[in-house]
Amino acid sequence: MLDLSTFFLGRPLAAPLMNASGVWCNVTNQLNALAKSEAGAMVTKSCTLVRRDGNPEPRYHTLSMGSINSMGLPNEGHLYYLDYAQQHDYENKPLFFSVAGLTLDDNLTMVAQIQDAYTPAMVEINLSCPNVPGKAQIGYDFEALDVILAEISSAYARPFGVKLPPYFDIAHFDEVAEILNRYDKVAFVTCINSIGNGLMIDINSETVLIKPKQGFGGIGGEYVLPTALANVNAFYRRCPEKSIIGCGGVSTGEHVFMHLLAGASIVQVGTALYEEGVDIFARLKIELARIMQQKGYQKIEEYQGKLKTI
Ligand code: RRO
């Protein structure tokens, strides 16, 4: 097959593909399945200081063009993922460590412990969980965003990344990018988390589809592809010193190609991975290689970030 290898922040990747945090990464056997899969990198479920059950079920529902979820940050607690990170084979593929503290102090405690453990995992701070009742997303509070980036930059010695919610206004792209660019340690930006607080309805029963938050939940899958591509490209253009990880609406090689063209260095798979399982990475690699072959590209670097405007 054509060469799909690439680099991310100087590290080699066999393919520009990985899971989206939250999918197939809550417990060790899922993480092991990702490690064995054709994904080029992988990320753990966003974690809190202590274990959480998450929201009541049903809390995920498949939709005709994607999914709605209000999982509510179910996770095993940060020490569980730190333990995994210390056993992970980094020669096989890089590991990202997703952190979603419920408070700034929790985030600082977790990054300090990750630092003390000397794991090569790359920290991604999730600033965009839409599903914890009573907790607003930091990504939509620009003052809080600046504070958390400043605090983590001083508490944590290594480069890190942030997982952002989708933005829908050019002024917001400008403002958020300007804040991110104040912090050199923010080495990568993952766009996008699910589109928060959507609602879908079953017309037979005239009810919502998921139990938490009166049926409101984050939307993923095909519905979000244009929003994801816009956010990837907006931050790729505005943050030239940072790498972009694309997430949203990916279920085919064409979608992966679009994210790469828009500026992503790695492309994540969420809803489609949930539906199809870890074999999806082998299929996406075949489909991406076929598109590259048809277009006469030998390497990802030949087109990555080279989206044309008219
Ligand atoms: O666990 C969740 O409900 C969840 C999280 Br932390 C997130 O970042 N994005 C999402 O769609 N669901």
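In this predicted model, the buried residues of helix α3 pack against α2 (78–87), β7 (95–99), β8 (122–126) and α4. Those buried residues are D106, N107, L108, M110, V111 and I114. An α-helix has 3.6 residues a turn, so residues three or four places apart point the same way. The length of α3 was also checked. At 1.5 Å a residue, its 13 residues should span 18 Å, and the end C-alpha atoms are 18 Å apart, in agreement.

Just after α3, the backbone at Y118 takes a positive phi of about 55°. Y118 is not a glycine. Most residues other than glycine have a negative phi, and most peptide bonds are trans. Y118 lies in the loop between α3 and β8. Its relative accessible area is 74%, so Y118 is exposed. E206 also has a positive phi, of about 60°, and is not a glycine. E206 sits in the loop between β12 (201–202) and β13 (207–208). With 68% relative accessibility, E206 counts as exposed.

Two cis peptide bonds can be described. The bond from E57 to P58 is cis, with omega near 0°. P58 belongs to the loop between β4 (42–43) and β5. The bond from C191 to I192 is cis as well, with omega near 10°. I192 is found in the loop between β10 (186–191) and β11 (195–198).

The largest nonpolar core has 82 residues. Within it, the residues with the most contacts are I125, L149, V162, L164, L180 and F235. Helix α9 (residues 280–295) gives the most to this core, with seven residues. Apart from it lies another core, of 10 residues, among them M18, V43, F96 and M122. In soluble globular proteins, nonpolar side chains tend to be buried together.

L164 illustrates the packing of the largest core. Neighbours within four places in sequence aside, L164 is in contact with L127, S128, V176, L180, V189, T190, C191, I192, N193 and F235. These partners include both C191 and I192, the two residues joined by a cis bond.

F235 also belongs to the buried residues of helix α6, together with L225, T227, A228, L229, N231, V232, N233 and A234. Helix α6 covers residues 225–238. At 1.5 Å a residue, its 14 residues should span 20 Å; the end C-alpha atoms are 20 Å apart, which agrees.

Helix α8 supplies the largest share, four residues. By class, the lining of the largest pocket divides into 20 nonpolar, 22 polar and six charged residues.

The second largest pocket has a volume of about 280 Å³. Of its 19 lining residues, G101, L102, K135, A136 and I138 are the closest to its centre. Helices α3 (104–116) and α4 (142–155) each give two or more residues to this lining. Helix α4 gives the most, three residues. The lining of the second largest pocket has 12 nonpolar, six polar and one charged residues.

Definitions and conventions: Residues are numbered from 1 along each chain as its sequence is written. This is a predicted model: local features need pLDDT of at least 70, side-chain atom pairs count only at pLDDT 80 or more; totals for chains, interfaces and linings use all residues. Side-chain values use heavy atoms; hydrogens and water are left out. The expected span of a helix is 1.5 Å times one less than its number of residues. Buried means under 20% relative accessible area, exposed over 50%, partly exposed in between (1.4 Å probe, protein chains only). A nonpolar core is a set of buried Ala, Val, Leu, Ile, Met, Phe, Trp, Tyr and Cys residues joined through side-chain atoms within 4.5 Å. Contact means heavy atoms within 4.5 Å. Ala, Val, Leu, Ile, Met, Phe, Trp, Tyr, Cys and Pro count as nonpolar, Asp, Glu, Lys and Arg as charged, and the others, Gly among them, as polar. On a 1 Å grid over the protein atoms alone, a cavity is a set of points where a 1.4 Å probe fits but cannot get out, and a pocket is an open set with protein on both sides within 12 Å along at least five of seven lines; lining residues have an atom within 4 Å of a point. Grid points are joined across faces, edges and corners, and a volume is the space filled by probe spheres set on the points.
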